[in-house]
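Dear colleague,

Please keep the structure open beside the text as you read.

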Amino acid sequence: MKKFSLTALARTQIRQAIVAPAGRSASTVFGGHEHTMRQTVIGIKASVTLQEHENPGEATVMVLSGRITLTSNGDSWEARTGDLLLMPAGRSQLSAIEDSAVLLSVAKLGRPGVSELEYDLT
């Protein structure tokens, strides 16, 4: 068994995102190429948008800290600390309204692997 402090990981990823040239930082807490599910803590600097990506299966975004906007298929949802968003099928993009950290959980359908978004972040 492993135990993680998502609060501490969120703080670390936000600090790293603020100084990163791309304004984002990520760390996988569970999963990898050999697993169907993968969970990644992502830090995003305020006003940074992660490029639009395809949802490869079932995915959720839990806001650990801050405020974000998820846009997909012409719809937009704003979420803040403690909110959980169920990502719709299709292409989505994530924007930080303020310095934020999220837990992206993806269960890739079909075959184990990594989502486009997670690949872009590594």
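Strand β5 (residues 67-72) pairs with β8 in the antiparallel sense over five bridges, where strands are DSSP runs of E with at least two residues, numbered from the N terminus, and two strands count as paired if DSSP finds at least two bridges between them. Within this pairing, T69 stands opposite S95 in β8. The model is a predicted one, in which local features need pLDDT of at least 70 and side-chain atom pairs count only at pLDDT 80 or more, while totals for chains, interfaces and linings use all residues. Residues are numbered from 1 along each chain as its sequence is written, and side-chain values use heavy atoms, with hydrogens and water left out.

β5 also pairs with β6 in the antiparallel sense, over six bridges, and there L70 has W77 in β6 as its bridge partner. Strand β8 (residues 91-96) pairs in turn with strand β3 (residues 49-54), again antiparallel, over four bridges, and H53 has S92 in β8 as its bridge partner. Together these strands form an open sheet of four in the order β3-β8-β5-β6, with β3 and β6 (75-80) as the edge strands, each pairing on one side only.

I68 is among the residues with the most contacts inside the largest nonpolar core, which has 17 residues; such a core is a set of buried (under 20% relative accessible area, 1.4 Å probe, protein chains only) Ala, Val, Leu, Ile, Met, Phe, Trp, Tyr and Cys residues joined through side-chain atoms within 4.5 Å.

Best wishes

Key
Buried means under 20% relative accessible area, exposed over 50%, partly exposed in between (1.4 Å probe, protein chains only).
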